[in-house]
Amino acid sequence: MTKPSTQHELPGPQDVLGRALELPCGVVLKNRLTKSAMSDSLGDGKGNATQAQARLYERWAQGGAALSLIGEVQGDPRYPEKPGNLVLGPDTDLQALRALARRGSTDGAHLWPQLGHAGALSHLPVSRPRGPSALDLEGLQCAAMTLTDIEALPAIYARTASIAKDAGFGGVQIHAGHGFLLSQFLSPLFNRRTDEYGSSIEARFRILRQVIAAVRHAVGASFPVAIKINSTDKLEGGLTEDEALDLVHMLGQTSVDLIDISGGTYFPGAAASSDGTAGNGPYFLEFARRAKQLTAIPVMATGGFKTRQQAVDALASGAVDMVSLGRAMALNPRLAHDWLSSAGGDPAFPKFDTNPPGGVTAWYTMRLTALAEDNEGEFSLDLESAMSLYDARDAQRSDRWRNAFGAPGERG
């Protein structure tokens, strides 16, 4: 005899994670799991997509993710985060880009490029960094952007978004977190301007508001435009949580469709702040919960999700509308499928004997390469070996970048 269902039966984890989400623009994401933006360093060194990159995002799409984000996609080749970044511009290999968009959108998944500009953190071997203000610190030097430089930004982002839409991507994310250019404008550590783009949080937000408006005008009302922001720079003197909440309120007056909450910024010499994000659980969940009270725009949190129960609890409690995972999905590209099944199963995170600066980031980046080549079963690098391979590849691609776009001193 079939057991009668009860009206008050609690939903299972797969039900919570498997609910579709309609964005303000009308686009529907099929579930609540996102592969967060990571710098995959799989471009060809000339700003173009590769077959390996297309295979990587195809694997996450086939693995059940509703949305994957391609980290650090540039509109201006003068200011990349790394020489493995994609560049969407007049010389882009559109055939390769369309193949990436198509393969990363299989099985009803969405693939969105994250529109970036590294600003003061641009990769030195291929750039002469510029930021909101001039800086001369050990490990961080940049020139100040002129008003002309700043006023050119909205059109650059809009053009990049248009190319993404024409290539077949399902949306875009504007990167205003993690210390890159738009995050630099929001942060008092980087932005020491006294004109209309500096001082108050409203003035520091000005360029971001202009970029959002330009991107929306370029792609139309029905195309998803997301944004990634810091909940805090996690540094003394940087963007605070209170200012970030003001930022969320201001974003609510724009046309963005999804606010991705993260945090953390590189700024040498600045002491870490006590921001309440320490611990073993998701890093920015409490901030996301507060942010949701200030806006009707869907909110997503990125950082620190390691178990299915953490994701379920975050969604069921109403703290977030989407959960974004990076390293967890690098360890298991079918993690979304597993978490949406009754069996579940959490990834086993590696433990390292050493911890050289940048080593874990390099390890995960090389792990993405293994996934792209379908040989993660043989991936067994230690941190030092991963760093060596990672740095050597960057050096090779820096040569290609300079050949493609010119040396920093040769560009306008």
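Which residues in α8 meet F287, R290 and A291 in α9? They are E241, D242, A244, L245 and V248, where meeting means contact, with heavy atoms within 4.5 Å.

Some background before going on. This is a predicted model, so to speak: local features need pLDDT of at least 70, side-chain atom pairs count only at pLDDT 80 or more, and totals for chains, interfaces and linings use all residues. Residues are numbered from 1 along each chain as its sequence is written, and side-chain values use heavy atoms, with hydrogens and water left out. As for the names, helices (H or I, at least four residues) and strands (E, at least two) are DSSP runs, numbered from the N terminus.

**Two helix pairs**

Axes are lines fitted to C-alpha atoms, for helices over the stretch in contact, and angles run from 0 to 180 degrees between N-to-C directions.

| Helices | Axes come within | Crossing angle |
|---|---|---|
| α8 (residues 241–251) and α9 (residues 285–292) | 10 Å | roughly 40 degrees |
| α2 (residues 51–62) and α13 (residues 359–372) | 8 Å | roughly 90 degrees |

The angle in the α8 row makes α8 oblique to α9, while α2 and α13 are therefore roughly perpendicular to each other. The cut-offs go like this: under 35 degrees is roughly parallel, over 145 roughly antiparallel, 65 to 115 roughly perpendicular, and the rest oblique.

What sits in the contact of α8 with α9? By class, there are five nonpolar, no polar and three charged residues. Ala, Val, Leu, Ile, Met, Phe, Trp, Tyr, Cys and Pro count as nonpolar, Asp, Glu, Lys and Arg as charged, and the others, Gly among them, as polar.

Over at the other pair, A52, R55, L56, R59 and W60 in α2 meet L368, L371 and A372 in α13. That contact divides into six nonpolar, no polar and two charged residues.

**A three-stranded sheet**

Now for some strands. Three of them form an open sheet with mixed pairing, in the order β6-β8-β7; two strands pair if DSSP finds at least two bridges between them. The edges are β6 (130–131) and β7 (135–137), each pairing on one side only. β7 runs antiparallel to β8 (residues 140–144), and three bridges join them. L135, for instance, has C142 in β8 as its bridge partner.

**Aromatic rings**

Searching the whole structure turns up seven aromatic pairs. Rings of Phe, Tyr and Trp (its six-membered ring) pair if their centres lie within 6.5 Å; planes under 30 degrees apart are stacked, over 60 edge-to-face, and the rest tilted. One of the pairs is F190 with F267, edge-to-face at 4.9 Å centre to centre and 90 degrees between the planes. This pair links distant parts of the chain, 77 residues apart: F190 is in the loop between α5 (181–186) and α6 (201–204), and F267 in the loop between β11 (258–262) and α9.
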